[in-house]
Amino acid sequence: ISNLVLVSGQCQSDQRQLLLELNLSGSFRSTTFATPLGRLMKWNQTKDCCSWEGVSCDAGGHVIGLDLSIRGISSPIDDSSSLFRFQHLQRLNLAFNWFKTSFPTGFDKLENLNYLNLSYSGFKGQIPVEISRLTRLVTLDFSAFPISKTSLKLEKPNLDMLVQNLTRLRFLYLDGITISATGNELCRDLLPFTKLQVLSMSDCYLSGPIPSFSSFKNLRELNLGDNQLSGTIHSTDWSGLSKLEIVDLSNNKLSGTIPPTLFGIQSLRRLFLSQNQFNGSIGDLHGKASSLLGTLDLSSNKLQGQFPMFVFELHGLTLLDLSSNNFSGLIPMSAFPNLRNLSDLDLSYNRLSIDAPATNISPPSFPTFTALELASCNLTEFPGFLKNQYSLNYLDLSNNQIHGEIPNWIWKSINLWYLNISQNFLVGFERPMKNINSGIWILDLHGNQLQGQVPILPSYATYLDYSDNISALFYQLILFASFFSLSNNNIHGSIPESLCNHTNLQVLDLSNNSMSGPIPQCLFQMSRSLGVLNLRRNNLSGIISDTFSKSCRLQTLNLNQNLLEGKVPKSLGNCKMLEGLDIGNNQINDSFPCQLKNITMLRVLVLRSNNFNGHIDCPGTPNNFRGKLHLTCLGTWKAMQPNPDKNQSELKHLQFEDFGGGVKYQDAITITIKGLELELVKILTMFTSIDISYNNFEGPIPGVIGKFKELLGLNFSRNAFTGSIPSFFGKLQQLDSLDLSSNSLRGEIPFRLANLNFLSFLNVSINKLVGPIPTSTQLQTFSEASFENNTGLCGPPLKTACGLPSAKEDSPSDSETGSIIDWNH
């Protein structure tokens with residue numbers, strides 16, 4: 001790349017002084033430890049400076065190479081920095097720091113630079129035109145994080161102005177920089193640079209047709225992924241590119257057919273065309289595709305036709321991803337032994353079937369799979385070609401049509417850490433075997449037809465008699481599991497306490513079965529490790545044990561639709577990370593669970609259909625002057641209140657993710673909203689809901705609810721609330737569903753309720769409301785059923801006419817303000 005000579009002569013005194021000024025100026029600091037640069041790099045000042053870490057010198061003792069990458073440097077660099085006085089400097093690497101400043105202009109003083117790497121260094125704003133004066137540059141890397149506030153721009157100067165004088169460029173990396181050029185402009189700007197070997201411009205807002213690179217005969221790597229390029233790829237664009245090894249055009253808007261000439265580049269090793277709109281068949285390419293191809297990713301397109309048999313000729317394949325297309329036909333088992341290096345295979349979301357008769361293939365004659373996904377293919381039995389695979393690492397056969405029993409050979413893959421065979425038609429297990437795998441982290445069996453009981457697991461097991469003991473099988477299977485799901489099966493019987501022996505469990509999901517009996521106390525004690533405990537829709541009885549750990553890590557607790565009694569345990573207040581709590585549809589008899597008041601993360605609360613009673617009165621600190629209590633303690637639910645610093649682009653789903661490998665458990669909460677019972681499988685973190693319906697709560701609606709301006713759903717129906725409808729509801733601008741029906745609310749409907757522009761469901765029926773329904777486009781769009789059975793209510797949409805509506809504005813009551821309430825009275 002350059003003629004840099006790494007020969008250390010005796011360090012010149014002026015060079016040493018410049019290096020020390022970098023340290024002594026204090027301008028470079030570690031973001032974590034605020035450590036001076038010299039100490040961070042462990043420079044020993046008793047030694048020659050040419051031997052210092054990150055420093056390279058020529059034979060004359062001049063610093064010609066400086067590598068300050070990955071140092072956590074955060075202080076800004078200005079044009080007066082000693083950095084720009086290294087006149088002999090040829091290589092400079094400041095990558096992966098956090099300078100958090102505008103791009104300095106002093107780099108043009110380093111006129112001997114041939115290598116400049118400022119990637120992910122935190123500089124922001126416009127790249128200065130002075131860079132164009134570094135005419136000796138061979139490598140230029142300005143890559144940046146595209147979604148950060150420090151993203152770089154190439155506007156003035158634009159790409160053409162930046163590179164027009166850099167005639168020696170061979171390696172150009174501009175990933176994540178806002179360029180906003182069209183493909184034609186890109187081609188025009190780079191046309192003189194036919195000796196480029198690497199062009200990487202992913203996520204640069206490039207649009208329009210993809211340019212032709214047929215004249216770039218020296219190109220080895222081309223990365224234009226994550227842009228908005230459109231149109232077709234022409235066959236002639238790839239002829240003559242005999243040195244091209246990597247092509248990444250993924251996540252664009254490219255369409256049409258994929259030209260055979262692209263596959264036919266004999267030097268090609270990695271090809272990424274996923275997440276486009278390519279259609280048609282990739283055809284019969286026998287003998288044409290590169291024999292060096294190791295990665296082929298064509299996922300998430302509109303490709304169709306028979307399974308591309310030419311892939312079995314690509315003996316060097318390590319990753320093959322054809323998922324989310326429309327391929328069909330049989331895949332012959334006998335062809336897979338040709339792919340001896342295959343480590344990742346994803347054929348999910350197609351219409352494929354496997355021609356896989358149950359045959360015994362010895363391990364030496366078969367490829368080693370370390371990741372396998374065949375989700376959503378038309379498999380009707382476990383594919384026989386996997387039978388003797390002892391090196392499986394990741395196996396996903398979910399969402400298929402696999403019938404019968406889970407074969408015992410599957411447990412003998414000693415390297416298996418991920419196993420997902422959910423959403424099939426499996427009914428049980430074959431007779432267990434000895435020496436099964438005990439290293440599975442993720443075990444997902446949900447959505448099958450498994451029957452029987454969860455076996456009682458021994459407290460300690462070595463090699464037991466597996467001939468008829470399924471308990472030993474399960475003990476081994478979940479010994480190290482962090483994720484275990486048996487939900488949506490036909491499991492009955494009780495939950496064995498022996499499950500608590502497996503302290504690695506982070507997610508336990510036994511929901512939607514027919515399990516009965518009490519919930520073992522030790523499961524709640526496991527809350528120090530468990531992030532998700534989902535036992536909903538069973539027939540569990542007894543109480544919720546008051547044994548939640550003081551170091552509780554639960555994020556989701558779902559016990560909905562069981563037969564649980566008693567009270568909400570006080571120790572549940574230890575679960576400060578709780579985001580979703582659903583104990584609805586049980587027989588709990590308690591007052592409002594004030595132990596939840598300090599759980600600031602709480603977003604979804606479901607107490608529906610229990611026997612809760614009394615006021616919603618969680619008093620805060622006594623006021624010593626008035627001897628009264630403030631109803632403000634529920635104001636600690638910060639997740640339900642506005643956050644002005646929240647970045648809407650960072651909204652994510654509520655999910656527990658702590659397994660490694662990107663494995664996630666998606667929370668599901670059943671709520672009643674808009675009059676319908678809905679199961680929300682994907683809950684945005686912006687979603688907040690309170691459902692305390694079908695209980696015996698009484699008294700006024702507490703004013704603290706007026707603080708929850710992030711609420712989307714509120715259901716207080718079927719209780720005994722009294723007083724008026726507070727006008728503060730008009731301030732809950734995010735509210736989408738409000739149900740106050742079947743209470744004893746009096747007075748008029750507040751005019752402010754008409755301010756709720758996003759309200760799509762309202763029910764105030766079966767109360768004691770009076771007066772005219774406020775006239776507004778919003779309220780008149782609701783059905784008559786939303787207001788019926790209020791004998792004093794009149795006006796549209798009701799058929800009962802009334803006189804002129806009252807013009808007076810509602811005066812806030814104590815229930816609205818929630819300011820001072822004497823609970824001792």
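A nonpolar core, as I use the term, is a set of buried Ala, Val, Leu, Ile, Met, Phe, Trp, Tyr and Cys residues joined through side-chain atoms within 4.5 Å. Buried means under 20% relative accessible area, exposed over 50%, and partly exposed in between (1.4 Å probe, protein chains only).

**Ground rules.** I am working with a predicted model, where local features need pLDDT of at least 70 and side-chain atom pairs count only at pLDDT 80 or more, while totals for chains, interfaces and linings use all residues. Residues are numbered from 1 along each chain as its sequence is written, and side-chain values use heavy atoms, with hydrogens and water left out.

**The cores.** I started with the largest nonpolar core, which has 100 residues; Phe107, Leu116, Phe142 and Met201 touch the most other members. At least two residues each come from α1 (13–24), β1, β2 (63–67), α3, α4 and α5 (260–263). Helices here are DSSP runs of H or I with at least four residues, strands are runs of E with at least two, and both are numbered from the N terminus. The biggest contribution is from α1, with 4 residues. I also found a second, separate core of 93 residues, including Cys522 and Leu762. In soluble globular proteins, nonpolar side chains tend to be buried together.

**Met201.** I then listed contacts (heavy atoms within 4.5 Å). Beyond its neighbours within four places in sequence, Met201 touches, among others, Leu159, Leu174, Leu186, Leu190 and Leu206.

**Helix α4.** Which residues of α4 are buried? In this helix (residues 183–190) they are Gly183, Leu186, Asp189 and Leu190. They lie on the same side of α4 because they cover an arc of only 125° around the axis, taken from the directions from the helix axis to the C-beta atoms. Asn184 and Arg188 are exposed on the face turned away from that buried side. The buried residues pack against α3 (159–163), β8 (171–173), β9 (198–200), β10 (207–209) and β12 (228–231).

**Ser56.** Next I looked at Ser56, which sits in strand β1 (residues 55–57). Ser56 counts as partly exposed because its relative accessibility is 21%. Its C-alpha atom is 10.0 Å from that of Cys11, 45 residues apart along the chain.

**A parallel sheet.** Last, I checked an open sheet of 3 strands, with parallel pairing in the order β40-β48-β50. Two strands pair if DSSP finds at least two bridges between them. Because β40 (613–614) and β50 (720–721) stand at the edges with a single partner strand each, one side of each has no neighbour in the sheet. Strand β48 (residues 696–699) pairs with β50 over 2 bridges, and Gly699 has Phe721 in β50 as its bridge partner.
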